Amino acid sequence: MIGGGYENVYSNPIINDVIMPLQHLIIVGSLCVNGLILTLITRQQGKAVGTYKYLLSCFAINDIVYTILHYVSFPVPETFPNIFILRGHGPTFSKFWLSMYMGNYATGFPLLVAHFLYRLIALKKPRLLNHFFKLLPLILAVTLLCGASWFTSSFVFMEQDPESTAFMQPIFNGTIYSPVLHTPERGPLYLVCVYWTQGTFKGGRIKNFIALALLFVVMISAYTGKYEKFGYDATAEATVQTVVPLITAYFPVGICIFAPLFGFAWPPLAFIIPNICCIHPLFDGLVVMLTVSEYRRV
């Protein structure tokens with residue numbers, strides 16, 4: 001174990017020495033920024049923000065939980081032709097906490113849509129903003145539903161079976177190159193999607209396609225809803241609030257989950273994606289601090 005409970009994840013020790021401190025720095029920064037947002041809200045610095053403070057509170061709390069789960073699990077995804085695998089390398093190796101991380105990852109999508117819905121109302125019918133808090137139970141219900149679907153996708157439909165375990169053996173014995181250190185005794189700790197058993201587009205596995213469908217529906221519904229509600233707004237602020245989640249939230253999952261479906265793989269994603277995912281809640285908080293005028297002034 002190194003770096004506050006993290007394993008030596010990568011075969012290259014230089015990469016370990018760079019990524020582990022970077023992870024901790026980003027985690028501390030995320031907790032500080034989102035904690036500051038909650039502090040400003042609770043100290044009534046956000047009165048001028050109105051009911052938006054309730055949504056911001058949900059955002060900040062969700063990002064704090066996400067950051068903690070990221071530290072606890074430190075998920076490292078890997079892509080191979082037709083195969084996606086994920087394992088936690090943090091203080092806990094539990095597949096339950098890894099699946100909880102995936103579920104929490106999904107909760108950010110409906111909250112993001114709610115953020116854009118609030119902005120749409122503010123621009124089009126600001127007199128209705130005082131009633132926005134009435135939508136919070138519905139927003140939270142959808143958020144929990146999305147989280148539950150991704151948790152189920154990970155914990156149930158990405159659970160290993162004899163067939164998927166057999167496909168992982170070349171990874172463990174070094175026949176297939178990976179920048180990540182693998183040991184056979186850690187084999188049962190992996191979440192696995194084997195899409196095709198007889199080559200790309202041949203021998204599809206229903207269980208893993210169900211997992212893919214659950215992941216895809218949440219992502220595409222959230223982004224489509226956000227675009228339809230917010231696509232007309234071409235301000236710099238709107239652009240930032242649209243592009244940042246696309247890079248830090250949608251891209252990591254999209255490239256990892258869907259590239260193997262088409263037979264593609266890129267080993268460096270194993271050390272690129274964890275850092276992009278880790279920085280997501282930090283950027284969320286910074287975007288709020290920089291785009292909400294009252295918080296920017298404070």
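**Close-up views of a predicted model**

Lys 207 has a relative accessible area of 25% and is partly exposed. In all views, buried stands for under 20% relative accessible area, exposed for over 50% and partly exposed for values in between, with a 1.4 Å probe and protein chains only. The model is predicted: local features need pLDDT of at least 70 and side-chain atom pairs count only at pLDDT 80 or more, while totals for chains, interfaces and linings use all residues. Residues are numbered from 1 along each chain as its sequence is written, and side-chain values use heavy atoms, with hydrogens and water left out.

**View A. Asp 161, Glu 163, Arg 205 and Lys 207 are joined in a salt-bridge network.** A salt bridge places a side-chain nitrogen of Lys or Arg within 4 Å of a carboxyl oxygen of Asp or Glu; the structure holds four. Lys 207 bridges to Asp 161 with an N to O distance of 3.2 Å. Because Lys 207 belongs to helix α6 and Asp 161 to the loop between α4 and α5, this pair ties together parts 46 residues apart in sequence. Helices (H or I, at least four residues) and strands (E, at least two) are DSSP runs numbered from the N terminus. Asp 161 also forms a salt bridge with Arg 205, at 2.9 Å from N to O. Arg 205 lies in the loop between β3 (191–194) and α6 (206–230), so its pairing with Asp 161, in the loop between α4 and α5, connects parts 44 residues apart in sequence. Arg 205 is buried, at 8% relative accessibility.

**View B. Lys 95 and Glu 159 form a salt bridge through their side chains, at 3.0 Å from N to O.** Distant parts of the chain are linked here: Lys 95 is in helix α3 (residues 95–124) and Glu 159 in the loop between α4 (136–155) and α5 (162–172), 64 residues apart. Lys 95 is buried at 16% relative accessible area, whereas Glu 159 is partly exposed at 29%.

**View C. Phe 96, Trp 97, Met 100, Phe 155 and Val 156 make a nonpolar surface patch of about 410 Å².** Patch residues have over 30% relative accessible area and no salt bridge; like charges are joined within 9 Å and nonpolar side chains (Val, Leu, Ile, Met, Phe, Trp, Tyr) within 5 Å. Helix α3 gives the most to this patch, with three residues. Phe 155 belongs to helix α4 and is partly exposed, with a relative accessible area of 34%.

**View D. Tyr 66, Tyr 101, Tyr 105, Phe 109, Trp 150 and Tyr 250 form one aromatic cluster.** Rings of Phe, Tyr and Trp (its six-membered ring) pair if their centres lie within 6.5 Å; planes under 30 degrees apart count as stacked, over 60 as edge-to-face and the rest as tilted. This rule gives 18 aromatic pairs. The ring centres of Phe 109 and Trp 150 are 5.6 Å apart and the planes meet at 70 degrees, so this pair is edge-to-face. It links distant parts of the chain, with Phe 109 in helix α3 and Trp 150 in helix α4, 41 residues apart. Phe 109 is buried at 2% relative accessible area, and Trp 150 is buried at 0%.

**View E. Strands β1 and β2 (residues 83–88) pair in the antiparallel sense over six bridges.** Strand pairing requires at least two DSSP bridges. In β1 (residues 75–80), six of six residues are buried. Val 76 has Arg 87 of β2 as its bridge partner. The hairpin has two residues between the strands, and Asn 82 takes a positive phi near 75 degrees.

Terms used: Accessible areas come from the Shrake-Rupley method with a 1.4 Å probe; for residues, only the protein chains shown count as cover.
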